Amino acid sequence: MMHLLVADVNAWYAQLQSAGLAQKYAVTITEPTLQPWHMIDFVVYDPSGVLWRIGQNSEPM
């Protein structure tokens, strides 16, 4: 597993969607989700089986 902490997770998600990453490389990309550990993140499963968790910190509500 790789974890990438970014400033704007929605911009990263939009960029991967617009690049057609899922279709081009047959990877799975989940929707950005607010996690119980106060992060908004999404997951990319790459072709070699590595799970990439891309997220940003979120303020507790």
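A nonpolar core is taken here as a set of buried Ala, Val, Leu, Ile, Met, Phe, Trp, Tyr and Cys residues joined through side-chain atoms within 4.5 Å. In this predicted model, the largest such core has 9 residues. Its members are Val6, Val9, Tyr13, Leu16, Val27, Ile29, Phe42, Val44 and Ile54. Two or more residues come from each of helix 1 (9–18) and strand 4 (39–45). Helix 1 supplies the largest share, 3 residues. In soluble globular proteins, nonpolar side chains tend to be buried together.

Ile29, a member of this core, touches a range of residues beyond four places away in sequence.

Strand 5 spans residues 51–57. Of its 7 residues, 5 are buried, so strand 5 is largely enclosed by the rest of the structure. Strand 5 pairs with strand 1 (residues 2–5) in parallel, through 4 bridges. Here Leu4 stands opposite Ile54 of strand 5. Ile54 also belongs to the largest nonpolar core.

Strand 5 pairs with strand 4 as well. These two strands run antiparallel and are joined by 7 bridges. Met39 stands opposite Asn57 in strand 5. Strands 4 and 5 form a hairpin, with 5 residues between them. In the turn, Gly49 has a positive phi of about 95 degrees.

Key:
Residues are numbered from 1 along each chain as its sequence is written. This is a predicted model: local features need pLDDT of at least 70, side-chain atom pairs count only at pLDDT 80 or more; totals for chains, interfaces and linings use all residues. Side-chain values use heavy atoms; hydrogens and water are left out. Buried means under 20% relative accessible area, exposed over 50%, partly exposed in between (1.4 Å probe, protein chains only). Contact means heavy atoms within 4.5 Å. Two strands pair if DSSP finds at least two bridges between them.
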